[in-house]
Amino acid sequence: MWTLPNILTLSRILVIPILVASFFLEQPFGSHVAFVTFALAGITDFFDGYLARATGSVSKIGMFLDPIADKLMVAAVIVMVVFAGWVSGVHVIAAVIIMCRELLVSGLREFLAGAQVSVPVSMLAKWKTTVQMLALGMLVWSKGAVEFGLPAQELGIISLWIAAVLTLYTGYDYLRAGLKHMV
C-alpha cells in the first residue's frame, strides 16, 4: 500500500480540503493557493501512474484510488468555482455535464467490473481529461491571473465548454460500450 505511486495518489485526496479552503481566503491570494495546489495535484496524477508502471508497483489499491482521487478533485473544484461565482449563469450547464459524466462513467465502470469487463480509456477521453484539467486550473486561478493580466477565467470558461462537448461524446462512447454487457 505504501508505495510512492500510492502515496502520490493519496496526496491528491488529502489536499482537497486545502484546495476548498483556499476559496475562503482573501482573493487573489486564495486563487494563487488554489492554482498551485491544483497544479501540484495534476503533476502527481501524471507521476503516480507513470511511476507505478515504470517500477512494476501497479497495485489494486492504486488502480482503485487513482480514478477516485481524480473525480474527487474535479468535483471539489467544480463545486467551488460555481460556489465562488467564477462559473455562473449558462456556464454552470457545462460544469453539470462534466459532473454527470463523471458519475455515469464511475457507475458504469463499477457495474462492468462486477461483470469482469474492462472498458479501456480512449485517446479522446484522455484529451477530454487534459482539456478539463486545463479548464479547471484556469478557473481556480480566475482571481490570481488578473494580477498578471491573464484572462484565465475567460479561457477557463471556453475550455470548460470544450471539455463538456468532449465529455458528452466520450460519455456516450462509454455508455454504448457498456450497454452491450447489460442486456
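This note sets out numbered remarks on helix packing, selected residues and backbone geometry in a predicted model.

1. Basis. The model is predicted, so local features need pLDDT of at least 70 and side-chain atom pairs count only at pLDDT 80 or more, while totals for chains, interfaces and linings use all residues. Residues are numbered from 1 along each chain as its sequence is written, and side-chain values use heavy atoms, with hydrogens and water left out.

2. Packing of H1 on H4. Helix H1 (residues 4-14) and helix H4 (residues 60-83) pack at an angle of about 25 degrees, and their axes are 9 Å apart. H1 is therefore roughly parallel to H4. Helices here are DSSP runs of H or I with at least four residues, numbered from the N terminus. Axes are lines fitted to C-alpha atoms, for helices over the stretch in contact, with angles running from 0 to 180 degrees between N-to-C directions. Angles under 35 degrees count as roughly parallel, over 145 as roughly antiparallel, 65 to 115 as roughly perpendicular, and the rest as oblique.

3. Residues between H1 and H4. From H1, Asn6, Thr9, Leu10, Arg12 and Ile13 meet Ile61, Gly62, Leu65, Asp66, Ala69, Asp70, Leu72 and Met73 of H4 (contact means heavy atoms within 4.5 Å). By class, this contact of H1 with H4 has seven nonpolar, three polar and three charged residues. Ala, Val, Leu, Ile, Met, Phe, Trp, Tyr, Cys and Pro count as nonpolar, Asp, Glu, Lys and Arg as charged, and the others, Gly among them, as polar.

4. Burial of H1. The buried residues of H1 are Pro5, Asn6, Leu8, Thr9, Leu10 and Arg12. Their cover includes helix H2 (16-22), helix H3 (29-54) and H4. Buried means under 20% relative accessible area, exposed over 50%, and partly exposed in between (1.4 Å probe, protein chains only).

5. Packing of H5 and H6. Helix H5 (residues 92-114) packs with helix H6 (residues 123-140) at an angle of about 135 degrees, the axes being 13 Å apart. This makes H5 oblique to H6. Ile98, Arg101 and Glu102 in H5 meet Ala125, Lys128 and Gln132 in H6; by class, the contact has two nonpolar, one polar and three charged residues.

6. Serine 142. Serine 142 lies in helix H7 (residues 142-145) and counts as buried at 2% relative accessibility. A polar atom of its side chain is 2.7 Å from the backbone oxygen of leucine 139. Not counting residues up to four places away in sequence, serine 142 touches Ser31, Trp86, Ala152 and Gln153.

7. Threonine 170. Threonine 170, in helix H8 (residues 152-179), counts as buried at 1% relative accessibility. The backbone oxygen of threonine 167 lies 3.4 Å from a polar atom of the threonine 170 side chain. Leaving aside neighbours within four places in sequence, threonine 170 is in contact with Arg101, Leu124, Ala125 and Lys128.

8. Backbone geometry. Most residues other than glycine have a negative phi, and most peptide bonds are trans. The peptide bond from glutamine 27 to proline 28 is cis, with omega near 15 degrees, and proline 28 lies in the loop between H2 and H3. Glutamine 116, although not a glycine, has a positive phi of about 55 degrees. Glutamine 116 belongs to the loop between H5 and H6 and counts as exposed at 77% relative accessibility.

Conventions: Helix = DSSP H or I, 4+ residues; strand = E, 2+ residues; numbered from the N terminus. Polar contact = N/O pair within 3.5 Å; in protein donor to acceptor, adjacent residues only side chain to side chain.
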